[in-house]
Amino acid sequence: MKKIEAIIKPFKLDDVKDALNKIGVTGMTITEVKGFGRQRGHKEIYRGAEYQVDFVPKIQIGIVVDADLSDKVVDVIKETAKTGKIGDGKIFISTLAEAVRIRTGETGSSAI
Amino acid sequence: MKKVIFISLILVLNFALAWAGDEPATVESNRTAIDLVQTNADYVWTLVAAALVFFMQAGFAMVETGFTRAKNAINIMMKNLMDFSIGSLGFFAIGFGLMFGESATGWFGTTGFFLSDFKIGGDPWVLAFWMFQVVFAATAATIVSGAMAERTKFSGYLIYSFVISALVYPIFGGWAWGGLFNGGGWLEKLGFIDFAGSTVVHSVGGWSALAGAIVLGPRMGKYTKDGRIKPILGHNMPLAALGVFILWLGWFGFNPGSTTAANKDIAMIFVNTNLAAAAGCILAMLASWLKFGKPEIGMSLNGALAGLVAITSPCATVTPGSAIIIGAVAGVLVMFSVLFFDKIRVDDPVGAISVHGVCGAWGTLSAGIFAIDGLSLSVIGVQLLGIAACFLWVFPTTFILFKLIDKTIGLRVSPEEELEGLDLAEHAGNAYPDFEVSSYGGMVTGSGPGSALPQTALATSKQVEAS
């Protein structure tokens with residue numbers, strides 16, 4: 001099993017979700033995060049004082065899939081989350097040791 | 001003893017002095033005094049009402065921000081601030097003269113610019129009357145900011161705001177109300193009934209809103225290519241509801257204040273106003289319940305406003321029973337109107353076109369249908385004429401205005417600005433800095449436990465690429 005964490009631009013979430021559903025991904029967890037890489041933040045003003053906001057809001061999608069689906073998932077995310085502009089995000093893939101479905105106690109592939 | 005005599009002398013002198021100034025009361029001096037009390041009361045009522053109508057600006061601001069996303073909240077506040085401020089100055093400089101100045105033709109006024117009717121030491125009634133009228137002009141102007149919310153360039157909006165207060169609103173207003181001061185409009189001479197402005201104020205705002213929404217186009221992600229309508233959720237229903245309550249309160253100045261006189265007529269106007277609002281609210285709630293399966297807050301709020309807008313024209317000339325019917329019809333009408341405009345892909349985030357334009361027209365018509373004097377086809381005919389004249393003046397004029405603004409400085413923000421939010425893009429601000437509003441992309445979410453992710457419409461990648 002592989003765990004795929006993708007950090008994407010928030011407005012891309014619906015597109016990525018729909019595209020993943022189409023290839024058989026049945027669940028995901030998302031987190032609101034803030035971060036920066038090469039994308040700069042921006043300046044804001046408050047009552048005459050300027051301040052810099054470095055962190056840019058992003059969405060982190062977490063998916064666990066069988067290893068043979070992993071490449072397909074990464075490709076789909078790469079394609080649908082891309083805008084071509086700085087700040088598109090990153091995908092991290094790791095191997096998962098175990099997964100458990102709480103309701104039934106199933107483990108492994110049947111827990112995904 | 002000397003002290004007693006001295007004090008008694010002082011007292012007698014005082015009494016003598018006091019009475020020396022009083023002429024014996026005559027019928028004439030009594031009449032003058034009574035008239036003065038009535039005049040003073042007229043001033044007090046008119047200006048208290050003007051203050052109530054001013055407070056409707058707060059109502060509009062809250063409704064508009066409640067029904068739109070958090071990332072645009074500062075922008076909505078700025079537009080509302082400017083609507084009233086620019087409106088005040090525009091109406092002072094130009095609008096009041098066009099609307100209420102002496103009019104040879106009955107089509108527009110030519111005197112009274114920059115409040116020239118007022119002379120220091122002269123009759124201040126013009127000031128009270130102007131104050132009352134300027135808050136009405138500002139009401140018409142601010143209706144439009146709701147329909148154009150979340151994608152309008154601030155600079156472009158400011159230009160529109162000045163033109164509507166200085167030109168569009170006063171011209172039609174003069175046709176219907178010029179005779180209230182120095183003017184005399186052709187429409188009022190035909191007997192057009194619009195006591196507090198269902199057409200003069202609300203339809204003028206509503207049709208301008210329609211023009212603006214059409215020229216702007218819908219918000220990104222609102223309508224999909226395959227014809228679906230995706231809801232873009234407002235960020236604060238309590239603020240929206242607060243706004244409606246404030247508007248309802250302000251309307252108690254809007255309608256009864258239009259007597260500009262302190263007399264018993266205001267009682268029935270108060271009652272009619274309230275009953276129509278209540279009926280509109282209930283019927284809209286019931287209609288939403290039947291249509292969607294649950295009583296829905298947005299429609300219910302719009303329903304109350306629809307009732308208020310509708311009763312604005314007939315409020316002085318219909319019975320309370322009729323007021324209920326008029327408000328009830330408006331409540332149902334507004335819901336179907338909102339659905340209609342979405343179907344033809346005119347994006348109106350707050351329902352301004354339906355509440356003010358459509359229900360303003362209904363209210364004006366109802367003044368003819370439910371007139372206490374009885375049903376008369378010629379009266380209804382004049383009402384229809386007024387409704388049409390308003391549309392034919394306001395819609396093309398504002399459409400051209402918005403097109404001109406669009407072609408010159410631009411009316412709509414760029415897609416990137418629309419996605420990151422106007423607060424940041426136009427004002428370098430953040431209305432809710434303590435909240436992790438992940439809105440820089442179109443999706444509004446709140447942080448904290450239990451905050452559900454909204455089913456918000458998001459821009460499709462194609463829309464962004466295409467920009």
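Trainee: How do you know that the length of helix H10 (residues 297-312) of chain B agrees with its number of residues?
Mentor: The expected span is 1.5 Å times one less than the number of residues, so the 16 residues of H10(B) should span 22 Å, and the end C-alpha atoms are 23 Å apart, which agrees. Helices here are DSSP runs of H or I with at least four residues, numbered from the N terminus. This is a predicted model, in which local features need pLDDT of at least 70 and side-chain atom pairs count only at pLDDT 80 or more, while totals for chains, interfaces and linings use all residues. Residues are numbered from 1 along each chain as its sequence is written, and chains are lettered from A and ligands numbered from 1 in the order in which they are written.

Trainee: Why is H4(B) called mostly covered?
Mentor: Of its 23 residues, 18 are buried. H4(B), residues 125-147, reaches 35 Å from first C-alpha to last, close to the 33 Å expected.

Trainee: Why are H2(B) and H8(B) called roughly antiparallel?
Mentor: Helix H2 (residues 27-66) and helix H8 (residues 237-254) of chain B pack at about 160°, with their axes 7 Å apart. Angles over 145 degrees count as roughly antiparallel (under 35 roughly parallel, 65 to 115 roughly perpendicular, the rest oblique), and H2(B) and H8(B) are therefore roughly antiparallel.

Methods. Helices (H or I, at least four residues) and strands (E, at least two) are DSSP runs, numbered from the N terminus. A residue is buried if 20 or more other C-beta atoms lie within 10 Å of its own, exposed if 12 or fewer, and partly exposed in between; C-beta atoms are placed from the backbone. Axes are lines fitted to C-alpha atoms, for helices over the stretch in contact, and angles run from 0 to 180 degrees between N-to-C directions.
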